[in-house]
Amino acid sequence: MLKILKYSFFDLMRSSWSYVYFAFYLLLGIVLLFLNNDLSKAVITLMNVIIVLVPLIGTIFGVMYYYNSKEFTELLLAQPLKRSSIFLGQYLGVAISLSMSLILGLGLPFIAYGLFKSNAIWDFSLLLIVGIFLTFIFSALAFNIALSNENKIKGFGYAILLWLFLAIIYDGLFLMSLILFEDYPLDKVSLIGTMLNPIDLSRTLILLKLDISALLGYTGAVFKQFFGTSFGLIVSFLALTLWVGLPVLRIIYKSKKKDF
Amino acid sequence: MKLLFSVILFIISTSFASSQTTTVCNAGCDFTSIQTAVDSSKSGDRIFIKKGLYKESNIIIYKKSLHISGEEGTIIDTQNNGYGFSVEATDIIIKNLIIKNIEVSYTKEYAAILLFKSYDFEIENITVENAFFGFLIQKSKDGIVHNNTISGEGKAEADSGNAIHLWHCENIRITNNDVRRMRDGIYLEFGSNSYISDNYSTENMRYGLHFMFSNENTYENNIFEANGAGVAVMFSKKIKMYNNIFKKNWGTASYGILLKEINDAELKHNIFEDNTIGINADGTNRITYTENTFKNNGYAIKVHGACYDNIYSKNNFLYNSFDLSYSGNLNSNKFENNYWSNYTGYDLDKNGIGDIPYRPVKLFSYLVNRTPESIVLLRSLFIDIIDFSEKVSPVFTPENLIDNKPLMTEVTW
């Protein structure tokens, strides 16, 4: 598996896409920091970008990579190799190289700006951890979609739909149900609602660490009470890990059964 | 006749000459204790306290007009035992002292200086350290509280007092004071015709400034920073608030100003910066908000119900998360000629006024008002999308809540 991971990783590292991705974050980080001059504000803006873009790019990249390297995968399948290690290797290659671009692209300008001397370092590291989780989650989901769909167009369609659902539609449904049931106590429900969607969960985790959390009022206090404790933090990271774990398990399961 | 005149002149001159100055110091002066100096002086005398540490408390001045002043380095340590000075007198001056360690009590309001039924008083250059209450002024009139520094060490609201507390007072000037780490910085309870200016009130657990049932007061040029809940003006009429700075009152229950049951007030040239809520208005009538700046607040203005005839004009709303949150009907409140940094309209005839009206209430702010739990979607992409679509074609936000003449450039004054 490690060999395939290494191969996929270096293959991606050589492709221009990871450089574009890396350059994009580098540029974003530099522009935000040196035009804004306020580290904690930059973290907020960055959060907005990460919450939306990282899942999108993770999904598209995952699907694209799978379809592109399909012939090579078939070649590998002819060799005496475990199927799970082939697909897991490819998946990890994609996820790790994307995370690398993210960490380096954002990390370099922040380090140059003097992150280690600032107290925003915890917010920033949380931001990166969340970004990495999101990359792993969404590329795993993308691999799932690609494995289940031979048709490329269909695969891409589903992938975009998935992103659209989790990033936007879910919030809409969530909001609608909150308004529909506004006569009932909703803080527990909204807590569960956020836990179920990795994008919402990441957003809430970061928001609660920032000053802006005071805006959340009473509901925010309930959230803070939950996420502020080590129990809440463990539960939410567990939820994120589950979001990585379940799709990965499905990759293994699916790849074993699939006819090529 | 001539004789009579000279006799009167003589009496007057002797009575002036009899105003004596006694000195107090630890050794070698007239007295070593402030209390005995007070007891043996008459009305009109001066007491000068020389440099040194005096371990005295509950110094009582009863119906004597005295001018008490200290040197630099005159320290009175009450050793956590009752009041510092307890005064009931007219024409009294207390100046240039450091008073320390006031007793904390859950039943009595021990203060560094207690004034009761005192008229024409002056408290100046007093530094109170480790205070429970700073100055407690009751049923008094015509006084000046100037240039004092009061700080406390209280941990919770229950075991700390107010720095300057006025109860049933009239015509008091509170100027140039620095109050910090107390419960309330300055508290007026049933106080009227008072003038509060150039004070710096910070890190107080509850309010930087607090009005209760106090009418016709003015406060200006004050700075209120990082107080637990900001400034509260409640149940009062005709308050003028000019040129104050309210900043960094940040927390789930904090605001720049809380206005509760206020009538006929005026807010002008104030700056609200980095507060969770700039102004929290509840039951306010006939208030004019003119030329104020709201910058980087969570909510610039949050209007609850029962507000009538308030006029908001020529204010700057800059980069607030929400410019306005509004409950209930518009109720003849008016928003006009304000500058909104979120305004995206144009000005074709170049008259400085935007051609399309601005709606200060975002859809999300409306939704949060209706279902508070929906705030968890703050900064979600979905919310940005619906806010945008609402801006393009308004459906939910109050129809007539608009600024018809939004300004294109920031208001300067």
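Predicted model: local features only at pLDDT ≥ 70, side-chain atom pairs only at ≥ 80, totals over all residues.

1. Chain B holds four helices and 37 strands. Along the principal axes, its C-alpha atoms fill a box of roughly 90 × 55 × 30 Å. Chain B has 413 residues, of which 42% count as buried. Among contacts in chain B with a separation of 6 or more, 46% are between residues 24 or more positions apart.

2. Annotated span. UniProt, in an unreviewed entry, assigns residues 160–345 of chain B to "domain: Periplasmic copper-binding protein NosD beta helix". In the model this span is 53% strand and 0% helix, and its end C-alpha atoms are 51 Å apart.

3. Sheet in chain B. Twelve strands form an open sheet with parallel pairing, in the order β4-β7-β9-β11-β14-β17-β20-β23-β26-β29-β32-β35 of chain B. The edge strands are β4 (59–62) and β35 (322–326) of chain B; each has a single partner strand, so one side of each lacks a neighbour in the sheet. From one strand to the next, the twist averages 10°.

4. One strand pair. Strand β11 (residues 133–138) and strand β14 (residues 164–167) of chain B run parallel and are joined by four bridges. B:I137 has B:L166 in β14(B) as its bridge partner.

5. Loop residue B:K248. This residue sits in the loop between β25 (245–247) and β26 (257–263) of chain B. The cut-offs are 20 or more for buried and 12 or fewer for exposed. Beyond its neighbours within four places in sequence, B:K248 is in contact with B:E225, B:A226 and B:D274. B:I60 lies 188 residues from B:K248 in sequence, and the C-alpha atoms of the two are 41 Å apart.

6. Positive phi values. Most residues other than glycine have a negative phi. B:Q79, which is not a glycine, has a positive phi near 50°. B:Q79 is in the loop between β6 (74–77) and β7 (85–88) of chain B, and is partly exposed because 13 other C-beta atoms lie within 10 Å. B:D142 also is not a glycine, and its phi is positive at about 50°. B:D142 belongs to strand β12 (residues 141–146) of chain B; with 17 C-beta neighbours inside 10 Å, B:D142 is partly exposed.

7. Contact between the chains. Chain B contributes 20 residues and chain A 28 residues to the contact. On the chain B side, helix α4 (residues 381–392) of chain B gives the most, with three residues. That side of chain B is made up of nine nonpolar, eight polar and three charged residues.

8. A helix in chain A. Helix α9 (residues 198–209) of chain A has 12 residues and spans 17 Å from its first C-alpha to its last, close to the 16 Å expected at 1.5 Å a residue. How many residues of α9(A) are buried? The count is 10 of 12, and the helix is mostly covered. Among the buried residues are A:D200 and A:R203, together with A:I199, A:L201, A:L205, A:I206 and A:L207.

Note on methods. Residues numbered from 1 in each chain as written. Chains lettered and ligands numbered in written order. UniProt positions renumbered as here; feature names shortened; annotations may be inferred. Helix = DSSP H or I, 4+ residues; strand = E, 2+ residues; numbered from the N terminus. Contact = placed C-beta atoms within 7 Å. Nonpolar A, V, L, I, M, F, W, Y, C, P; charged D, E, K, R; others polar. Expected span 1.5 Å × (residues − 1). Pairing = 2+ DSSP bridges. Axes fitted to C-alpha atoms, helices over the stretch in contact; angles between N-to-C directions.
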